[in-house]
Amino acid sequence: MTTTTSHIPEHVPESGGPDAGVAAARPARLIHTESTTEIPVHLLFREEPSDPPAEVKLRPAVVAHRPPPEKPETEDRDTRDIGVRTRASAPRVDPEIVERPARVLPGIAGVLAGVCGAAGCAVTAWWAGVLPPFAAAAFGPSAGAGGLGPAQWAAFAGAGALGLFGFGGLARGRTGRAWVLELFGRYRGTVRGTGLLWVNPLLLRRRVDVRLRHWRGEPFPAADRGGVALRVSLLVVWRVRDTARATLGVEDHEGYLRACVEAALLRVPVAAPGAGRGAVQATQDALTRLVATDAGPVGVEVCAVRPLRVEYAPEVAAAMHRRRIAALDARHRASVVGSVVDSVEDTVTRLTMRGLLDLDDDERQVLVKDLTVAFCAGRGEAGT
């Protein structure tokens, strides 16, 4: 933008004169660092130009462009800190804790290993000559010299370990159930197979239910859009999607899910009792989205969060009941008054148009008044 001012001297003349007071009253130049355009004073106060105005060449004003003030470093740091706090508020789980299949063998392998171990123990006992009398009679005299030597003890230990590992690792997998395996505190995989399986008996097994489940929670505190206190009973449909995170990422995934539901109710306004289907569906969608977002990082999949029962809190239930009754009563009265007015108008119009009555304004007002009283009395008797 170009700034134009007249050239005014910055000093006040010392000598008196007609221009001394004017010069003393004039302010000094306000803009000291800008280049401005000089406009002759006689051009500012002319009323009617007698001659065509002389062309005055104006020098273009040059205004220095000042660089914008730099944003303070503290502001950028505060913004970064807010962003970090926002990102840190989201639930996070160790990215290495992800479900992966564990290495297991068919159950027949464990059975065969157990049978071989038992057979090895029997053969070692026959070899050492320590079989019971009835077993010795059945198998015949032993081939050893009698007694347990180092070789017999080693054979016993190997065969016994093979039998224990074979029979001790047998497990039965069931549909809808899984095992989370750990070895000395380290996650080793998840078993989702069914039937007879062989799992390393040294691994710690944690059974997890992966079926579609639901629970109906006790009434939770909530509020509607107006801030009125409510009590809401919910039906939560969920299942465990990632067994590793649900078991190792959180101490108790069921308790964590319950806390997520309670926290979502404090952030979402719940549809008041008696609300329409659209409001109830919007509440359900918002609750499901929030709970699914919070419970997803711990391996829990939330399918739906449905309000089953919504009622006012005990401290406001009586007041809200009176308010609803008053609203219904006012609505009923408005409908009754509208019906009476329509009936009176229709009656007077028919009588006038058919020529049955010729009324002036005063008589028309009296007739309308009488008909209104009659119709209102009839409506009241019909309602009682």
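I looked up V302 and its contacts (heavy atoms within 4.5 Å). Leaving aside neighbours within four places in sequence, V302 is in contact with V236, V237, W238, L257, T288, V291, A292 and A295.

I noted what I was reading. This is a predicted model, in which local features need pLDDT of at least 70 and side-chain atom pairs count only at pLDDT 80 or more, while totals for chains, interfaces and linings use all residues. Residues are numbered from 1 along each chain as its sequence is written, and side-chain values use heavy atoms, with hydrogens and water left out.

Next I checked the nonpolar cores, sets of buried Ala, Val, Leu, Ile, Met, Phe, Trp, Tyr and Cys residues joined through side-chain atoms within 4.5 Å; buried means under 20% relative accessible area with a 1.4 Å probe, protein chains only. The largest has 36 residues, and V236, L257, V291 and V302 have the most contacts inside it. Elements giving two or more residues to this core include β9 (229–240), α7 (253–267), α8 (277–295) and β10 (300–312). Helices (H or I, at least four residues) and strands (E, at least two) are DSSP runs, numbered from the N terminus. Strand β9 supplies the largest share of the core, six residues. A second, separate core of eight residues has A171, V191, L197 and V199 among its members.

Last, I turned to a sheet. Three strands form an open sheet in the order β4-β3-β6, with antiparallel pairing (strands pair if DSSP finds at least two bridges between them). The edge strands, each pairing on one side only, are β4 (186–191) and β6 (204–209). Strand β3 (residues 177–183) pairs with β6 over six bridges. I found W179 opposite R207 in β6.

Note on methods. Buried < 20%, exposed > 50% of the residue type's maximum accessible area, 1.4 Å probe, protein only.
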